[in-house]
Amino acid sequence: MKKEDYPKKVLSLDKQIAQLKARGLVIEDDNIAKNYLKNISYFRLQGYWWEFQVDKENHKFVEGTNFNDVINLYTFDRKLRLLLFDVLERVEIALRTKLVYYSSIELGHWWFEDKNNFFVEDFFDESIKEIEKELERTKEVFIEKHYEKYGKEHRPPAYKTLEIVSFGCLSKLYSNLNNNIGAKDRIATEFDLPNPNFLKSWLLSFNTIRNIIAHHSRLWNRQLHFPPKVLGKPNSDFVSSPENERSMYYSISCLLYVLNKVSPGHSLKQKIKNLLKENEFVDLEEMGFPEDWETEALWK
């Protein structure tokens with residue numbers, strides 16, 4: 001298809017509002033709606049009013065659907081993302097701390113740049129490229145001071161270098177460690193998981209959620225392509241095996257399970273419950289929550 005053959009035209013804010021009204025969306029105040037469209041965008045909000053359309057091919061809304069319903073769902077999703085970002089921060093810091101500490105104790109300061117510690121060389125090379133990229137662009141004072149004092153012949157040790165890399169890079173480093181390295185099992189155990197394969201799977205899912213949140217994308221009813229591996233025999237309070245492991249319910253439950261271990265005394269569970277109670281219009285089934293979710297050991 002040529003660019004000039006693309007069928008959709010650029011619409012002014014007034015025409016966007018007229019189109020929504022023609023499709024059955026109730027808009028009580030055009031100026032308020034225009035302000036939202038100006039600051040959030042038609043396309044981004046489209047991901048939320050999709051749930052209110054009875055005819056998705058022709059974009060027809062369920063009778064009586066109000067623009068405010070869309071904004072309320074958008075606001076709920078935003079609050080959910082902020083809650084989970086706080087959780088992911090704690091999980092990321094815990095992973096960084098454990099990975100640096102246990103691997104350095106066992107293998108030395110520069111374990112992360114020794115390819116003999118990793119079992120897939122291509123993944124190792126990718127990690128080193130990412131680390132080098134971060135070192136080249138960072139403005140962190142502790143990295144600059146290290147180079148001033150010790151020179152640039154070698155990279156800073158793990159406890160400095162890995163402080164500046166992404167959650168994704170940390171996850172890849174952990175997942176690619178040789179299975180005979182004791183630190184790998186120790187870290188999985190400290191996340192209350194039975195073995196590194198579980199932690200590898202869960203970290204991949206957590207990183208996916210983190211990236212969705214970082215781009216401020218719709219999260220509340222997302223289906224993950226790489227769901228957390230189902231934990232059938234947990235060591236601590238958890239949930240029954242889910243009907244849909246790709247659902248946000250299961251991912252949130254996995255985050256809560258890990259958080260109970262790395263940040264005891266947190267208030268996430270109550271905050272999630274409060275958020276859902278304040279937004280009773282949200283379709284919990286769409287998020288994967290079973291009817292009896294509050295009776296599960298993790299959520300009691």
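User: Why is Phe238 called buried?

Analyst: This is a predicted model, where local features need pLDDT of at least 70, side-chain atom pairs count only at pLDDT 80 or more, and totals for chains, interfaces and linings use all residues. Residues are numbered from 1 along each chain as its sequence is written, and side-chain values use heavy atoms, with hydrogens and water left out. Buried means under 20% relative accessible area (exposed is over 50%, partly exposed in between, with a 1.4 Å probe and protein chains only). Phe238 has 4%, so buried it is.

User: What makes Trp202 buried?

Analyst: Its relative accessible area is 0%, so Trp202 counts as buried.

User: How many aromatic pairs turn up in the whole structure?

Analyst: The search finds 17. Rings of Phe, Tyr and Trp (its six-membered ring) pair if their centres lie within 6.5 Å; planes under 30 degrees apart are stacked, over 60 edge-to-face, and the rest tilted.

User: What makes the pair of Trp49 and Phe61 edge-to-face?

Analyst: Their planes are 70° apart, with 6.4 Å centre to centre. Trp49 sits in helix 3 (residues 42-49) and Phe61 in strand 2 (residues 60-61), so this pair ties together parts 12 residues apart in sequence. Trp49 is buried at 2% relative accessibility, and Phe61 is buried at 6%.

User: Why is the pair of Trp202 and Phe238 called tilted?

Analyst: The ring centres are 5.9 Å apart and the planes meet at 35°, so the pair is tilted.

User: Which residues do ring pairs link into a cluster?

Analyst: Trp202, Phe206, Phe238, Tyr250 and Tyr257.

How values were computed:
Helix = DSSP H or I, 4+ residues; strand = E, 2+ residues; numbered from the N terminus.
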